[in-house]
Amino acid sequence: MRNQLIKAMQRGQLIDIMYMAKDGKISKRRVKIIKITDDTMQVYCFNKCAKRTFIVDNTLAIMPVSRREREVI
């Protein structure tokens with residue numbers, strides 16, 4: 001999963017992620033990765049319109065956003 005996140009960051013891709021929060025709730029977020037450290041990633045979250053920090057290991061799934069979908073944003 002980490003390698004896929006790094007590739008998305010290097011390519012500047014928008015991605016949809018399924019993420020599990022500390023309290024166990026699962027959410028879907030559309031993000032652009034800004035920076036990845038050892039165990040966290042700093043992203044711009046389009047759902048919250050703000051920068052957020054996520055734990056890399058809590059990322060459950062990644063899906064690249066198609067160009068057509070990006071044009072809507």
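1. Contact, as the word is used in this note, means heavy atoms within 4.5 Å. The model is predicted, and for that reason local features need pLDDT of at least 70 and side-chain atom pairs count only at pLDDT 80 or more, whereas totals for chains, interfaces and linings use all residues. Residues are numbered from 1 along each chain as its sequence is written, and side-chain values use heavy atoms, with hydrogens and water left out.

2. On the overall architecture, the chain holds two helices and five strands, where helices (H or I, at least four residues) and strands (E, at least two) are DSSP runs numbered from the N terminus. Read from the N terminus on, the order of the elements is α-β-β-β-β-β-α. The radius of gyration is 11 Å, close to the 11 Å that the globule rule gives for 73 residues, so the chain is as compact as a globular protein of that length; the radius is taken over C-alpha atoms, and the rule is 2.2 Å times the number of residues to the power 0.38. Taken along the principal axes, the C-alpha atoms fill a box of roughly 35 × 25 × 20 Å.

3. Among contacts between residues at least 6 apart in sequence, 44% join residues at least 24 apart. The chain exposes about 5,200 Å², of which carbon and sulfur atoms supply 48%; accessible areas come from the Shrake-Rupley method with a 1.4 Å probe, and for residues only the protein chains shown count as cover.

4. Charge pairing deserves a separate point. Side chains of opposite charge can pair when their charged atoms come close. A salt bridge is here a side-chain nitrogen of Lys or Arg within 4 Å of a carboxyl oxygen of Asp or Glu, and by this rule the count comes to one. The partners are Arg30 and Asp16, whose closest N and O atoms are 2.8 Å apart. This pair links distant parts of the chain, with Arg30 in strand 2 (residues 26-36) and Asp16 in strand 1 (residues 14-20), 14 residues apart.

5. The surroundings of that pair can be given in some detail. Arg30 counts as buried because its relative accessibility is 17%, and Asp16 counts as buried because its relative accessibility is 10%. The side chains of Arg30 and Asp16 are also joined by a polar contact of 2.8 Å, the term meaning a pair of N or O atoms within 3.5 Å, of which, within protein, one must be able to donate a hydrogen and the other to accept it, and for which residues adjacent in sequence count only if both atoms are side-chain atoms. Leaving aside neighbours within four places in sequence, Asp16 is in contact with Lys28, Arg29, Arg30, Ala61, Ile62, Met63 and Val65.

6. Val31 is likewise found in strand 2, and this residue is buried, with a relative accessible area of 0%. Not counting residues up to four places away in sequence, Val31 touches a set of residues that includes Leu14, Ile15, Ile17, Val43, Phe46 and Phe54. The C-alpha atoms of Val31 and Met41, 10 residues apart along the chain, are separated by 11 Å.

7. Met20 lies in strand 1 and is partly exposed, with a relative accessible area of 32%. With residues up to four places away in sequence not counted, Met20 touches Lys25, Ile26, Asn58 and Leu60. Between the C-alpha atoms of Met20 and Ile34, which are 14 residues apart along the chain, the separation is 19 Å.

8. The cysteines close the list. A disulfide is a pair of cysteine sulfur atoms within 2.5 Å, and a search of the whole structure finds zero of them. Cys45 is buried at 0% relative accessibility, whereas Cys49 is exposed, with a relative accessible area of 57%. Cys49 lies in the loop between strand 3 (40-45) and strand 4 (50-55), and its phi is near 55°, a positive value in a residue other than glycine.

Definitions and conventions. Buried < 20%, exposed > 50% of the residue type's maximum accessible area, 1.4 Å probe, protein only.
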